[in-house]
Amino acid sequence: MTETLTHRHMTRRQLLARSAAVGAAFVIGPGFLAANTAAWAMEVAHLKPQTMATLIRMARDIYPHDHVADEYYAIAVKGYDVPDKAAMIEAGVTALDAAAQGKGHAGYLAIGWERERSDLLRSMEESPFFQTVRGGLVTGLYNQKAVWPLFGYEGESYSLGGYIDRGFDDINWL
Amino acid sequence: MAAPFDLNDDTVVVVIGTGAGGGVLANELAQKGVSVVALEAGGRYLPEDYINDEWESFGQLAWLDPRSTSGDWRVAKDFSGLPAWIVKAVGGTTTHWAGASLRFQPHEFKTRSTYGNVEGANLLDWPIDLAEMEPWYEKAEEKLGVTRTGGREGLPGNNNFKVFEAGARKLGYTEVHTGRMAINSAENDGRFACQQTGFCFQGCKWGAKWSAAYTDIPRGEATGNLEVRERAHVLRIEHDAGGKVTGVLYADRDGNQHLQKARVVCVAGNSIESPRLLLNSASSLFPDGLANSSGQVGRNYMRHMTGSVYAVFDKPVRMWRGTTMAGIVQDEARHDPSRGFVGGYELETLALGLPFMAAFLDPGAWGREFTTALDSYENMAGMWIVGEDMPQETNRITLNHELKDQYGLPAPNVHFTDHPNDIAMRRHAYKQGIAIYEAVGATRTFPTPPYPSTHNLGTNRMSENPRDGVVNRWGRAHDVPNLYVSDGSQFTTGAAENPTLTIVALAIRQADHIASQMSQGQL
């Protein structure tokens with residue numbers, strides 16, 4: 001079964017339902033919903049859409065950057081939507097939800113405060129599931145060229161002739 | 001006879017590895033008319049091939065053959081399969097190196113005499129001293145075009161340096177400048193001046209930084225006396241019944257094995273691969289590995305006492321702009337036991353791009369403590385700490401018989417545990433590095449743990465007495481008269497300085513020695 005995790009399908013139907021139930025568990029602003037960004041359209045072929053939504057939330061909770069939109073986290077974890085990884089991810093997310101339920105929540109996505117989700121993740125940070133997801137994010141998130149400008153990082157400069165005439169020594173506050 | 005050479009030509013000198021040691025040695029021998037076959041495990045990449053993208057470049061250049069780690073060092077936990085960050089390519093790690101080119105201090109050749117008996121340390125004086133090395137250092141500086149030597153200007157300081165310099169001056173440090181760098185401050189030797197592009201670690205696309213890949217190697221080849229066989233991975237060194245080496249067995253790019261005969265063999269595969277090759281060349285005559293009657297092959301592995309300090313300010317720094325290693329504080333490089341440790345350390349600016357900063361700032365860390373640091377990436381300044389670490393017999397390269405490489409040979413295991421002196425020195429350096437940044441208003445500082453080793457030293461060390469080490473004052477194996485070690489593994493001790501200049505100086509000196517021994521019929 002192929003389902004599409006987009007604002008038209010999963011995000012609208014499920015997120016709106018969830019936001020009614022548990023608030024902004026999966027934060028996507030109205031502006032973003034209105035913007036029909038192809039980058040965010042995401043085919044989910046092997047994972048349940050709910051699993052992918054949880055994984056994206058988990059990714060943000062591991063490396064929370066408030067100025068980085070969800071689509072970049074989604075890109076960072078979409079590689080798990082393949083046959084040989086889906087079972088591990090489904091099992092990991094099921095365990096995560098079970099841990100959340102143990103704390104009286106409907107599931108991981110139903111936990112409102114980042115701190116509570118973070119504590120839950122901390123309690124399972126030695127698990128292979130957590131370590132796989134965290135390790136993958138180091139490159140999956142921070143090696144996206146589209147993310148770099150959000151941190152001010154300029155990437156390569158050779159094509160522009162380096163910084164010799166473009167501010168390598170322009171600091172003015174010392 | 002001119003290159004290319006026949007596999008059965010037993011008049012050639014075979015050099016294994018083409019980095020700062022092997023690449024320079026191969027060229028220097030070729031310039032003297034000696035026939036050289038250089039076998040390089042990696043491929044050939046030139047400035048137009050270099051990729052100014054950290055991970056992509058890493059995939060292009062890094063040595064990623066199977067390796068394992070053990071010991072207390074944090075690298076063994078965070079990067080268990082990547083003990084070292086070194087290059088597999090023609091030119092070796094001279095592609096990746098920062099360019100810092102510092103001579104040793106006089107006492108650093110004589111640590112056993114100077115530091116005395118340091119418990120747990122296998123200290124030994126080098127059989128050579130600074131006075132003997134000075135002319136060779138001068139030749140090396142000339143070859144590399146080192147700034148602040150030979151009348152060459154220093155490089156201009158970038159933003160990262162300016163923050164570092166201002167803080168260091170406030171602390172009262174006086175030996176603060178933009179370094180002695182093998183990076184052109186003006187056009188030199190047919191190569192560009194530095195364009196302040198950053199990405200020094202990914203290969204200099206301007207060729208402003210010296211690398212053997214586009215200097216010594218092509219110059220050696222141009223003589224007709226040097227043949228470089230790339231993607232030729234040496235598997236073992238062969239010897240005759242008399243204990244002299246006769247050639248090397250290597251696998252070509254397709255995995256086909258060849259035996260190249262040799263008159264002399266020079267091993268320059270770096271301090272992990274060189275001892276591994278000697279150990280993998282064990283035979284009935286040399287049951288503990290080639291040239292290992294001392295038992296010191298693979299031992300005394302040093303990686304320098306390292307660490308980094310990054311700091312966040314309330315305003316932008318943009319440390320990635322310009323030369324990666326843009327300046328130095330040398331005041332702490334002296335030997336001054338009143339600080340609570342022997343030996344000293346250098347502080348050198350360093351910048352990582354966002355992808356590597358995420359990987360190396362605090363490996364394994366996550367959550368807001370970590371991500372708020374990266375949120376301030378644009379406002380970060382950074383420095384690297386490099387100091388003398390203690391040689392320890394138990395820090396060593398061994399063969400891991402459980403882990404095989406692509407040729408079925410045992411992979412190297414790299415075992416390392418800090419000596420208490422290393423820990424005391426690092427603690428001091430963190431404190432000073434943090435103070436430098438706080439002096440200019442840092443709002444947050446990060447004492448960052450060591451990266452996978454870039455300075456790999458000492459595993460075939462030089463000694464006066466054959467009992468204490470693997471090679472003599474010329475890098476010649478004590479046990480095997482026509483076998484040489486030509487890389488940083490011959491270092492008796494590590495000194496505080498970045499090692500490349502010394503590796504190059506030793507290689508120039510060794511070429512002189514080998515050529516003269518050959519002409520005298522001694523080889």
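In the predicted model, helix H3 (residues 49-62) of chain A packs against helix H5 (residues 83-102) of chain A at an angle of about 70 degrees, the two axes lying 10 Å apart. Because angles of 65 to 115 degrees count as roughly perpendicular, H3(A) is described as roughly perpendicular to H5(A). On the H3(A) side the contact is made by A:Thr51, A:Thr54, A:Leu55 and A:Met58, and on the H5(A) side by A:Ile89, A:Glu90, A:Val93 and A:Leu96. Sorted by class, the residues in the contact of H3(A) with H5(A) are five nonpolar, two polar and one charged.

Chain B contains 12 helices and 17 strands, and its C-alpha trace spans about 70 × 50 × 45 Å along the principal axes. The radius of gyration of chain B is 22 Å, which agrees with the value near 24 Å that a compact globule of 523 residues would have. Of the 523 residues in chain B, 61% are buried. When contacts in chain B between residues at least 6 apart in sequence are considered, 75% join residues at least 24 apart.

The contact between the two chains takes 28 residues from chain A and 35 residues from chain B. On the side of chain A that touches chain B, helix H7 (residues 128-140) of chain A provides the largest share, with three residues. The residues on this side of chain A comprise 15 nonpolar, nine polar and four charged.

Note on methods:
Residues are numbered from 1 along each chain as its sequence is written. Chains are lettered from A and ligands numbered from 1 in the order in which they are written. This is a predicted model: local features need pLDDT of at least 70, side-chain atom pairs count only at pLDDT 80 or more; totals for chains, interfaces and linings use all residues. Helices (H or I, at least four residues) and strands (E, at least two) are DSSP runs, numbered from the N terminus. The radius of gyration is taken over C-alpha atoms; the globule rule is 2.2 Å times the number of residues to the power 0.38. A residue is buried if 20 or more other C-beta atoms lie within 10 Å of its own, exposed if 12 or fewer, and partly exposed in between; C-beta atoms are placed from the backbone. Two residues are in contact if their C-beta atoms, placed from the backbone, lie within 7 Å. Axes are lines fitted to C-alpha atoms, for helices over the stretch in contact, and angles run from 0 to 180 degrees between N-to-C directions. Angles under 35 degrees count as roughly parallel, over 145 as roughly antiparallel, 65 to 115 as roughly perpendicular and the rest as oblique. Ala, Val, Leu, Ile, Met, Phe, Trp, Tyr, Cys and Pro count as nonpolar, Asp, Glu, Lys and Arg as charged, and the others, Gly among them, as polar.
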